[in-house]
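Please keep the sequence and the model at hand while reading.

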Amino acid sequence: MTVETAVVLGPGGPVGTAWLAGLAAGLRRERIDLGAADLIVGTSAGAIVAAILAGGGDLDRLAVLPSSTDPGGLRTDPGRLAEVFATLGDTELEPAEARRRVGRIAVSASTGGEEVAVARMRSVIGTAEWPDRPLLIPAVDAETGEAVIWDRHGSASLPEAVAAGTAFPATAPPITIGGRRYIDGALRAGTNTDLAGDARVVIVAEPMAHMSGTNGVTTGGATVVRLVPDAEAIEAFGPDITDRTRWGPAYQAGVRQAPHAAGRIRACSVTM
């Protein structure tokens with residue numbers, strides 16, 4: 001199948017989720033529907049918004065923090081989280097070994113039950129069914145460090161895939177699918193833009209671009225429209241991307257940036 005347009009939504013915690021949702025909702029008001037792309041890739045926070053977009057769901061309901069994102073039995077394990085960051089920051093470790101080590105930390109961390117995490121994601125995305133439109137959600141096997149790319153043909157339900165793809169070690173429990181336990185897809189390759197394949201136009205939205213630079217954006221010879229938070233949005237985010245009190249301001253920052261983003265997308269002769 002020839003892919004004319006691909007949309008790639010990157011990681012960014014709760015604050016990044018809100019910004020992505022606001023940006024996508026604002027683009028709809030500008031008559032650009034990211035959900036109409038030939039392919040949608042969602043990583044971590046991006047997986048939540050990608051699932052809603054691909055299914056034609058209501059993004060406006062994310063203008064306020066959904067009650068289902070209240071941890072409700074889920075919790076961060078601060079001590080183990082510090083170990084995760086120390087491991088990922090160890091430049092002497094091969095990436096695969098770092099993934100395996102943080103996978104072990106994820107399994108042993110005290111973060112709550114898997115069932116709660118899956119139920120929470122089902123509530124947030126508003127459906128349990130995979131959309132017909134191509135949607136890819138990466139995750140990482142917590143034991144082997146190997147990546148898996150979930151889609152509608154796989155063994156994971158959509159809520160399971162999103163819960164697994166957003167399960168950053170020590171902040172959410174690994175999710176068991178087919179007897180294996182899976183963690184956050186950002187551990188595979190950041191924003192995972194390589195999954196856009198040979199699309200002619202790739203629209204990449206990166207909530208954490210101001211923290212991680214290009215985050216590995218490589219798309220071959222494609223025309224890339226890279227959407228990142230501007231200075232006003234970064235101020236709205238605050239210093240902590242997990243700060244749920246910043247949800248509303250981050251969402252509105254995304255909405256505000258949408259008209260400019262729409263102009264850049266139209267300049268590439270994209271019809272969505």
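## Interior packing and open space

Leaving aside residues up to four places away in sequence, A47 touches G42, I137, V162 and T166, where contact means heavy atoms within 4.5 Å. The model is predicted: local features need pLDDT of at least 70, side-chain atom pairs count only at pLDDT 80 or more, and totals for chains, interfaces and linings use all residues. Residues are numbered from 1 along each chain as its sequence is written, and side-chain values use heavy atoms, with hydrogens and water left out.

- A47 is found in helix α2; helices (H or I, at least four residues) and strands (E, at least two) are DSSP runs, numbered from the N terminus.
- A47 is buried, with a relative accessible area of 0%; buried means under 20% relative accessible area, exposed over 50% and partly exposed in between (1.4 Å probe, protein chains only).
- Helix α6 (residues 158-165) is largely enclosed by the rest of the structure, because seven of its eight residues are buried.
- V162 is one of these buried residues, together with L158, P159, A161, A163, A164 and G165.
- The partners against which the buried residues of α6 pack are α2 (45-54), α5, β3 (135-141), β4 (147-150), β5 (175-177) and β6 (180-184).

**Nonpolar core**

- The largest nonpolar core has 67 residues, and L34, W150 and I265 have the most contacts inside it; such a core is a set of buried Ala, Val, Leu, Ile, Met, Phe, Trp, Tyr and Cys residues joined through side-chain atoms within 4.5 Å.
- Among the residues that L34 touches are V7, I40, I265 and M272.

**Cavity and pocket**

- One cavity of 30 Å³ or more is found in the whole structure; on a 1 Å grid over the protein atoms alone, a cavity is a set of points where a 1.4 Å probe fits but cannot get out, a pocket is an open set with protein on both sides within 12 Å along at least five of seven lines, and lining residues have an atom within 4 Å of a point.
- The lining of the largest cavity includes A117, R120, M121 and A163, and helix α5 (residues 114-125) gives the most to it, with three residues.
- The largest pocket is lined by 45 residues, of which G13, S44, F168, D184 and I241 lie nearest its centre.

How values were computed:
Points joined across faces, edges and corners; volume = space filled by probe spheres on them.
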